[in-house]
Amino acid sequence: MSILVCGGAGYIGSHTVKELIGKYEVVVLDNLTTGFPALLDERAIFIEGDLGDPVVLDRVFTEHNIDAVFHFAANSLVGESVQKPLKYYSNNVGATVVLLQKMIEHGVGKFIFSSTAATYGIPETDIITEETPTNPINPYGRSKLMVEQILSDMAQVYDFQYTVLRYFNAAGAHPSGQIGESHDPETHLIPLIMEQLLGHREKISVFGTDYKTADGTCIRDYIHVKDLADAHILAYEGMNNGKVSNEVFNLGNGEGYSVKEIIDVCEKVAGKKAVVEYTDRRHGDPAVLVASAGKIREVLGWTPGYDLEEIIKSAWKWHNK
Ligand code: UFG
C-alpha cells in the first residue's frame with residue numbers, strides 16, 4: 001500500500017515525504033507551479049500533474065495501490081488570495097473536490113488535510129483551541145475552511161475518514177540540511193531575515209510596532225517543519241488503529257514569539273546584526289496567533305522536538321547552503 005502525497009515538491013510536503021520514506025511507499029503528485037524539483041525525494045515515485053486533472057488522478061489511483069492521501073498542494077499567500085480570489089477558490093477548493101471525487105470513485109478512504117490558523121481570522125482570545133470559532137477574513141482562510149466543511153459532509157455518507165491539521169507558522173529546515181524553506185516570491189519572516197543576514201537583501205521590514213503586545217510587534221507560534229511532518233504520520237497511524245477519525249487539530253508549539261524576538265534569535269544564531277526598518281502594519285495581520293496544542297498532544301501523543309532556537313539554527317544551516 002502507498003501513500004499519495006499531493007504537493008510533495010513543496011516546503012511542508014517534501015519534508016513529510018522524507019519522514020514517510022522508509023516506513024511507507026510514497027507516490028508524489030505535484031504540478032511544480034510552486035514546488036521545486038530539487039525538493040523531490042528520488043526514493044518516491046513522482047508524477048508531474050495537476051490534482052484537478054481527472055485523467056491524471058484515474059491513472060494514479062489505477063496504477064498504484066493508494067491507501068491514503070496527504071494533501072499539501074495549495075496556494076497559500078494571504079495577500080495574493082485577496083487580489084486573486086478565484087485562483088484560490090479554483091485551486092484550493094475546486095481542484096480538491098476533483099481529488100476527493102476520484103478518491104471516492106477508486107475506494108480510497110483516508111485523507112489528511114493541510115489547513116491553517118487563518119481559518120480563525122482575528123480570534124477573540126490569544127490562545128486558540130479547536131473550539132475557538134472559525135471566522136476567516138481572507139479568501140485563503142475561507143478556501144481552507146470550505147474544504148474542512150466538505151470533508152465533514154463526506155464523512156457522513158461515504159466510506160471516508162479524514163484528519164484536519166490547522167498549521168500555525170511552519171519554519172525551519174530538515175536536519176539533513178538537504179531541503180528547507182523556499183518560496184518564490186519569499187514573503188515569510190524567517191527566510192527573509194536569513195536572506196538579509198546573508199546579504200541577499202538590503203533590509204528586513206517589521207510590519208507594525210503598535211500592536212497591543214509587549215514590544216508592539218505581532219506574535220506568532222512557530223513550529224518546526226519536521227514536527228509538522230511527524231504529526232501527519234501520527235494522524236495517519238491514528239486513523240489506521242482507530243484512535244482518531246474525522247478530527248481537527250491545531251498544530252503549533254503552543255508558545256508565541258514577537259517579530260522582534262524572532263529577529264533577536266536569528267541575530268544570535270547568525271552572530272551578526274540584521275538591517276531592520278520599521279514600517280506600517282501589513283493588512284490582515286492579527287496581533288497574536290498562538291495555538292493550544294493540548295488536543296494533538298493528548299489524542300495523538302505528539303510532542304514538538306524543536307524549540308525556537310533549534311528551529312532557527314536549522315533554517316540558518318539550510319540558508320547557508
Ligand atoms: N512579518 C514582518 N516582516 C516581513 C514578513 C513578515 O514583520 O517581511 C511579520 C508578519 O507581519 C507576521 C509575522 O512576521 O506578524 C509572520 O509573518 P509570515 O508572513 O512569516 O507568516 P504569517 O503569520 O503571515 O502566515 C502564516 C502562514 C500562512 C497562514 C497564516 C495564518 O504562512 O499560510 O500564518 O495567519 F495563512
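What follows is a dialogue about a predicted protein model and the terms used to describe it.

Colleague: How many helices and strands does the protein have?

Modeller: The protein has 10 helices and 15 strands. Both are DSSP runs numbered from the N terminus: helices are H or I with at least four residues, and strands are E with at least two.

Colleague: What share of the contacts joins residues at least 24 apart in sequence?

Modeller: The share is 76%, taken among contacts between residues at least 6 apart in sequence. Contact means heavy atoms within 4.5 Å.

Colleague: Why is Thr 16 called buried?

Modeller: Buried means under 20% relative accessible area, exposed means over 50%, and partly exposed lies in between (1.4 Å probe, protein chains only). Thr 16 has a relative accessible area of 0%, so Thr 16 is buried. Thr 16 is found in helix 1, residues 11–20. Leaving out residues up to four places away in sequence, Thr 16 touches Phe 70, Phe 72, Ala 229 and His 232. Across the protein, 55% of the 321 residues count as buried.

Colleague: Is Ala 44 buried or exposed, and what lies around Ala 44?

Modeller: Ala 44 has 10% relative accessibility and therefore counts as buried. Ala 44 is in the loop between strand 2 and strand 3 (45–48). Apart from residues up to four places away in sequence, Ala 44 touches Val 17, Ile 21, Val 26 and Val 28. Ala 44 and Leu 20 are 24 residues apart in sequence, and their C-alpha atoms are 9.6 Å apart in space.

Colleague: What makes Tyr 24 partly exposed?

Modeller: The relative accessible area of Tyr 24 is 22%, so Tyr 24 is partly exposed. Tyr 24 sits in the loop between helix 1 and strand 2 (25–30). Not counting residues up to four places away in sequence, Tyr 24 touches Ile 3, Ile 233, Tyr 236 and Glu 237.

Colleague: Why are helix 6 and helix 8 called oblique?

Modeller: Helix 6 (residues 189–197) and helix 8 (residues 259–270) pack at about 40°, with axes 10 Å apart. Axes are lines fitted to C-alpha atoms, for helices over the stretch in contact, and angles run from 0 to 180 degrees between N-to-C directions. Angles under 35 degrees count as roughly parallel, over 145 as roughly antiparallel, 65 to 115 as roughly perpendicular, and the rest as oblique. Helix 6 and helix 8 are therefore oblique to each other. By class, their contact has 10 nonpolar, no polar and one charged residues. Ala, Val, Leu, Ile, Met, Phe, Trp, Tyr, Cys and Pro count as nonpolar, Asp, Glu, Lys and Arg as charged, and the others, Gly among them, as polar.

Colleague: How do you know that helix 6 and helix 10 are oblique?

Modeller: The axes of helix 6 and helix 10 (residues 308–320) come within 10 Å and cross at roughly 50°. The two helices are therefore oblique to each other. Ile 190, Pro 191, Met 194, Glu 195 and Leu 197 in helix 6 meet Ile 312, Ala 315, Trp 316 and His 319 in helix 10. This contact has seven nonpolar, one polar and one charged residues.

Colleague: Which peptide bond is cis, and where is Pro 185?

Modeller: The bond from Asp 184 to Pro 185 is cis, with omega near 5°. Pro 185 is in the loop between strand 8 (169–171) and helix 6.

Colleague: What is noted about phi of Leu 32?

Modeller: Leu 32 has a positive phi of about 60° although it is not a glycine. At 21% relative accessibility, Leu 32 counts as partly exposed.

Note on methods. Residues are numbered from 1 along each chain as its sequence is written. This is a predicted model: local features need pLDDT of at least 70, side-chain atom pairs count only at pLDDT 80 or more; totals for chains, interfaces and linings use all residues. Side-chain values use heavy atoms; hydrogens and water are left out.
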